[in-house]
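The following exercises concern the packing and pairing of side chains. Please study the sequence and the structure before reading the solutions.

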Amino acid sequence: MKNLKMKAARVAKDMSQEKLASRIGVTRQTILMIEAGKYNPSLALCIEICKALDTTLNDLFWQEENDEK
């Protein structure tokens, strides 16, 4: 499932995939794959993404039952 919440938070911070990746020490392709729903990041990586985007795990990674599947 695509992570549109993460993409929206990144865009709201005016941050490119490359800039986010550099900030947290991964490749741009990793960010691309997470946003595309093709890579399931570790908890540690999720936390780093949240710190970089100044948001919470719940805001970016929690799925409600009624969220798109």
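The exercises below refer to this predicted model.

**Exercise 1.** Determine how helix α1 and helix α3 are oriented to each other, and state which residues meet.

*Solution.* 
Step 1. Helix α1 covers residues 4–12 and helix α3 covers residues 28–36.
Step 2. The two helices pack at an angle of about 130°, and their axes are 7 Å apart. That angle makes α1 oblique to α3.
Step 3. On the α1 side, the residues in contact are Met 6, Lys 7 and Arg 10; on the α3 side, they are Ile 31, Ile 34 and Glu 35.

**Exercise 2.** State how many salt bridges a search of the whole structure finds, and describe the one formed by Glu 35.

*Solution.* 
Step 1. Side chains of opposite charge can pair when their charged atoms come close.
Step 2. The partner of Glu 35 is Arg 10, with 2.7 Å between the closest N and O atoms. Because Glu 35 belongs to helix α3 and Arg 10 to helix α1, this pair ties together parts that are 25 residues apart in sequence.
Step 3. A residue counts as buried under 20% relative accessible area. Glu 35 has a value of 7%, so Glu 35 is buried. Arg 10 is also at 7% and therefore counts as buried.

**Exercise 3.** Are Asp 54 and Lys 13 buried, partly exposed or exposed, and which parts does their salt bridge tie together?

*Solution.* 
Step 1. The closest N and O atoms of Asp 54 and Lys 13 are 3.9 Å apart. Asp 54 lies in the loop between α4 and α5, and Lys 13 lies in the loop between α1 and α2, so the pair ties together parts that are 41 residues apart in sequence.
Step 2. The relative accessible area of Asp 54 is 62%, so Asp 54 is exposed. Lys 13, at 40%, counts as partly exposed.

Terms used
Residues are numbered from 1 along each chain as its sequence is written. This is a predicted model: local features need pLDDT of at least 70, side-chain atom pairs count only at pLDDT 80 or more; totals for chains, interfaces and linings use all residues. Side-chain values use heavy atoms; hydrogens and water are left out. Axes are lines fitted to C-alpha atoms, for helices over the stretch in contact, and angles run from 0 to 180 degrees between N-to-C directions. Helices (H or I, at least four residues) and strands (E, at least two) are DSSP runs, numbered from the N terminus. Angles under 35 degrees count as roughly parallel, over 145 as roughly antiparallel, 65 to 115 as roughly perpendicular and the rest as oblique. Contact means heavy atoms within 4.5 Å. A salt bridge is a side-chain nitrogen of Lys or Arg within 4 Å of a carboxyl oxygen of Asp or Glu. Buried means under 20% relative accessible area, exposed over 50%, partly exposed in between (1.4 Å probe, protein chains only).
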